[in-house]
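Q: Before we look at single residues, please show me the structure, and then take me through how its features are read.

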Amino acid sequence: GSTAISTIKSKPIIDLLGVVQSLDELDKVQSNVEAIGYVWCHENGITGRRYAYKDDTETSKRLFQVHCFQENDAAIARHLAFRDYLRLHQDIALKYQNLKTECQLKHPTDSHAYGECKSDWITNWEQEALKFFN
């Protein structure tokens, strides 16, 4: 997430990318993840992912989001390439920051619409990042 790009603004939410040997095995420990305060959301709209989040118990503000993929899933390389590309290309990182601000203003209470607002732009730059690093 944007918190991994120190030169741009981000929400105070830590996004974690977990890599596991088996999503089936991860599913078996769902109750353990929930026991430490995470809400388990299964794929949550993205095939091949497991998603969970944790909110602050006092303020209900989101603290962590965990996106888990099985090792060798193409999404892992895509996410890491996008992060690393933005770290190296400050001009593109600032464009991303501006897009995020615009989308947040358009969809202040709808996280799904906010994500959709950024989706095409991110997909385009993820592809550029993958080309850059390959």
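A: A residue is called buried under 20% relative accessible area, exposed over 50%, and partly exposed in between, using a 1.4 Å probe with protein chains only. Asp55, at 25% relative accessibility, therefore counts as partly exposed. This is a predicted model, in which local features need pLDDT of at least 70 and side-chain atom pairs count only at pLDDT 80 or more, whereas totals for chains, interfaces and linings use all residues. Residues are numbered from 1 along each chain as its sequence is written, and side-chain values use heavy atoms, with hydrogens and water left out.

Q: With which residue does the side chain of Asp55 meet in a salt bridge?
A: A salt bridge is a side-chain nitrogen of Lys or Arg within 4 Å of a carboxyl oxygen of Asp or Glu. Here the side chain of Asp55 meets that of Arg62, with 2.6 Å from N to O, and Arg62 is classed as partly exposed because its relative accessibility is 26%.

Q: How many salt bridges does a search of the whole structure find, and which residues are linked in a network?
A: The search of the whole structure finds nine salt bridges. Asp27, Glu43 and Arg50 are linked by such bridges in a network.

Q: How should I read the strands, and in what order do they form the sheet?
A: Helices (H or I, at least four residues) and strands (E, at least two) are DSSP runs, numbered from the N terminus, and two strands pair if DSSP finds at least two bridges between them. In this model four strands form an open sheet of mixed pairing, in the order β1-β4-β3-β2. The edge strands are β1 (14-20) and β2, each of which pairs on one side only.

Q: Which strands run parallel, and over how many bridges?
A: Strands β1 and β4 run parallel and are joined by seven bridges; along this pairing, Gly18 stands opposite Cys68 in β4.

Q: What joins β3 to β2 and to β4?
A: β2 (residues 39-40) and β3 run antiparallel and are joined by two bridges, with Val39 opposite Tyr53 in β3 and Trp40 opposite Ala52 in β3. On the pairing with strand β4 (residues 62-70), β3 is again antiparallel, over seven bridges, and here Tyr53 stands opposite Gln65 in β4. The hairpin of β3 and β4 has six residues between the strands, and in it Ser60 takes a positive phi near 65°.

Q: Is strand β3 (residues 49-55) mostly covered or mostly open?
A: Strand β3 is mostly covered, since five of its seven residues are buried.

Q: Where is Gln97 found, and which residues does Gln97 touch?
A: Contact means heavy atoms within 4.5 Å. Gln97 is found in helix α4 (residues 90-106) and touches Thr7, Ile8 and Lys9, not counting residues up to four places away in sequence. A polar contact is a pair of N or O atoms within 3.5 Å; within protein, one must be able to donate a hydrogen and the other to accept it, and residues adjacent in sequence count only if both atoms are side-chain atoms. Here a polar atom of the Gln97 side chain lies 2.7 Å from the backbone nitrogen of Lys9. Gln97 counts as buried because its relative accessibility is 13%.
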